Amino acid sequence: MKKQGSKWILFVASRYIFKGRSSSPVLAIMGIAVGVLALIVIISVMNGFQLGFIESILEVSSYHLRLESFDREKTNELQEKLLEIPGVRAAVPFMEYQAIARGRRVAQQAVVVRGLRDDTLEIDKTMESKLSFEDGSFYIPDSNYILLAAELARRLGLRTGDEVTLYSITGILSGEDDVGYDNFIVTGVFRTGYYDYDCTWAFININSKSFADNECDLKLGVKLTNRFQDRSSLEQAKRKLADYEGIKLSSWRDYNRSFFGALRTEKLFMFILVGLIFIVVGLNIFQAQRRAVLQRREEIGLLRAVGGTERAVRFVFVFDGAIIGLTGASLGLLFGLTIALNIQQFFLLVENVVNFFINILNTAAVFLGTDMAGNFAVFSPTIFYIKEIPSRVLPLEVFMIYMFGFLSAVLAAWYASRKAAKVQPAEVLRYE
C-alpha cells in the first residue's frame, strides 16, 4: 500500500463519494455550486452598475486629475507639459457655475452649467463614448448654443431648436434687483446613464460671457490611461509643474472619496452576505464527514491495520472534501459565467417564463370576471433608471469566488477528519 503512494487514497476517497449511499455529497456539491453561481452573477451585475456610475463620474464630470488656480494665459503651456507625462491621454480646459434654467414650461430647474471647447470630444475620446445623444449632436461653436441632459430637457419641455434661459444663482443669492440671465438655443440632448447628471447638467461654450459674469475659475481636467495610476501621475505632475506657483493638483480619490467609499463598502457587505452560503455548506460538509468517520470506523481500522498511516487515512476524507469542493465550484463557475456573460438573455428568459404563467392566469381571469395582472419585468424602466442590465466580469474576483467555494469544502473536511486519525486498529478489530 505504501508503494502505491497516494493512488489508493484517491481511490478510496472517490469510492466513498460516488459509491456511497448518502445523499450528503450531492447536496454539498449543489450548495457550493449555487453559492459560486450566485456570487459570480450578483457581483458581476453589481460591478456593472458601480463601474458604470464611476466611469460616468470620471469621464463626464470629475476627471482623473484636476489642475486649478493657474494663470489663464499659460493654459496651452500647461496642457503641453501635462501631455508629456506618461499615462496622460488628455488635458481638457473647463469652467462651471450653477444656474436656474427656464424653458417653455413654467417649472424651473437647478442646473450645473459646464463650459467646454467645441473640439472637446476630439481631445477626449472617452467622454464621447459616455455621451449618448438622443437628439442633435455636440455642437457649441459659440456662446449662443447649449447642450442639455435628457431628463433636464424633458422636465423643461425642450428639444433641439428651442430656447432656454439661464439665471445665475450667484446673482439671485446676492439679492440684486437686476439678476443676470442668458438665452441659449438647444443644439443637442444627451444622456450619460447617471441619473444625477441627466437631471441637472448642461454644456455651453467655454468662451461664453456667462463665466465672466459669474467670475468662474478656469480648470484643467486630466484623463489617464489607467485611473488607478493617479497617485504616481499626480507626483509626476507636481514635479513637472514645480516652477509654477500657486497651482493646486488633486486626484479623483480626493473629491469623490465619500461616494466611492460607499460603493466599496456596499460591495464588501454583499460579498459577506452571499458568502454566508459557503459557511452553511461548509458546516454541512463538516457534519457529514464526522458522521462518515463514525460510520466507517471498521474500514478505517482495517486501512490502518494494512499499513495506512494516520495522515494517509485523514487525507482520504480531505480528498472527499476536495472532490466535493472542486466539482461544486467548477459547476458554479461554468453556469455563473454563462449567466453573467449573457445577463440580458437570462433575464429575458426569466421574464418570458413568468409572463407565460401570468398570461395563463389572465386568460382564467377573463372567465371569472376579475382584474388581470400586467406583464412582469425584472428591472422595469418605470422603476429603475436603466435601459439594460449591466454586467462586468472581473477575472480576479471570479478566481477569488472559485477558490472560496473550493477551500470552504477542503477546510471543513480537514477539521472533520481529525477523529479519523485517532482511530486505533486494535480497538476496532478487537470486537470483530
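The protein chain has an accessible surface of about 23,600 Å², of which 58% belongs to carbon and sulfur atoms, as computed by the Shrake-Rupley method with a 1.4 Å probe. The model is predicted, so that local features need pLDDT of at least 70 and side-chain atom pairs count only at pLDDT 80 or more, while totals for chains, interfaces and linings use all residues. Residues are numbered from 1 along each chain as its sequence is written, and side-chain values use heavy atoms, with hydrogens and water left out.

Of the 432 residues, 47% count as buried, that is, under 20% relative accessible area with a 1.4 Å probe, protein chains only.

By the ring criterion (centres of Phe, Tyr or six-membered Trp rings within 6.5 Å; planes under 30 degrees apart stacked, over 60 edge-to-face, the rest tilted), the count comes to 10 aromatic pairs. The rings of W201 and F203 form an edge-to-face pair, because their centres are 5.9 Å apart and their planes stand at 70°. W201 counts as buried at 6% relative accessibility, and F203 is likewise buried, with a relative accessible area of 0%. Both residues belong to one aromatic cluster that also contains F53, F133, F190, Y194 and Y197.

Key. Buried < 20%, exposed > 50% of the residue type's maximum accessible area, 1.4 Å probe, protein only.
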